Amino acid sequence: MSTPDTTDHGQVFYHTNRLNGYDLVTVKAANYLLWRCPPTRLTEHYDKNVSGRHLDIGPGSGYYLDHCTFPIPDPSITLLDLNPDPLTFVSQRISRYHPTTVQADLLDDLPPIPNAPFDSIALNYVLHCLPEHPSGRQGVFARIKPLLSQGGVAFGSTVVTGGAPATFLSNAFNALYQRMGAFHNQNDTVDALHSALGQHFEDHVLEIRGSVVLFTARRPR
Ligand SMILES: C[S@@+](CC[C@H](N)C(=O)[O-])C[C@H]1O[C@@H](n2cnc3c(N)ncnc32)[C@H](O)[C@@H]1O
């Protein structure tokens, strides 16, 4: 496992002590109260899109990997994260699947990823954590599309600050998390995501649920 520079990124918030409370605070409380996209909807999104050969980017606490239903009993799962703590935490949590781990920065050129190409790649609640890059979110999709098999699907969801319904609480917490450096979604809008996906995939579908956009993308350009 290579060890890239891990400073100056939203990933610094995902240390083991925080991951222990992540399901309760982020997956449940924040999703119901702030973003208004229940974890049941996100689990359904996983259920519909995960494959037997899956890459999970930024797995966090691994809640969805632990709760979703894979189409086969023994899926090949690869976890990619810049921070080693989620990799260790999730490897233990879903040890029944014997996942492979890769420490890599999604904002940089990716090293060779074992088990590629994948029939599904998840990017759930990762984009809004990534610092703004000169190439915008397009760079992320450009980096992951060569990892997708023909017929594969990239999917996920992200909290946006434009084009989706907001509330006093969602605006307040987006601003707070941006000040803390945990979120970098100041310029993330439904239109920007639509355009970034359209540049790299022939087909994509967006669904707005509260302040969250769920996406699926197929057929890399
Ligand atoms: C908000 S958590 C999402 C966790 C999980 N996918 C979920 O939906 O609950 C963001 C994850 O992205 C990872 N991450 C943040 N910046 C990254 C980067 N530049 N490269 C790779 N992973 C990154 C974090 O370490 C963390 O595991």
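**View A. Helix α1 contributes eight residues, the largest share, to the lining of the largest pocket.** The model shown in this and the following views is predicted. The pocket has a volume of about 370 Å³. Of its 16 lining residues, those closest to the centre are Tyr14, Tyr22, Val25, Thr26 and Tyr177. Two elements, α1 (16-35) and α6 (168-180), each give two or more residues to this lining.

**View B. The lining of the largest pocket, seen by residue class, comprises 12 nonpolar, three polar and one charged residues.** Among the residues closest to the pocket centre are Tyr22 and Tyr177.

**View C. Strand β2 (residues 76-81) pairs with strand β1 (residues 53-57) in the parallel sense.** Five bridges connect β1 and β2. Within this pairing, leucine 55 has threonine 78 of β2 as its bridge partner. Strand β2 is mostly covered, with five of its six residues buried.

**View D. Strand β2 also runs parallel to strand β3 (residues 100-103).** The two strands are joined by four bridges. Threonine 78, the bridge partner of leucine 55, stands opposite threonine 100 in β3.

**View E. A right-handed β-α-β unit is formed by β2, helix α4 and β3.** Helix α4 of this unit spans residues 84-93. The strands of the unit, β2 and β3, are the parallel pair joined by four bridges.

How values were computed
Residues numbered from 1 in each chain as written. Predicted model: local features only at pLDDT ≥ 70, side-chain atom pairs only at ≥ 80, totals over all residues. Heavy atoms only, no water. 1 Å grid on protein atoms, 1.4 Å probe; cavity = no way out; pocket = protein on both sides within 12 Å on 5 of 7 lines; lining within 4 Å. Points joined across faces, edges and corners; volume = space filled by probe spheres on them. Nonpolar A, V, L, I, M, F, W, Y, C, P; charged D, E, K, R; others polar. Buried < 20%, exposed > 50% of the residue type's maximum accessible area, 1.4 Å probe, protein only. Pairing = 2+ DSSP bridges. Right-handed = clockwise from strand over helix to strand, strands pointing away.
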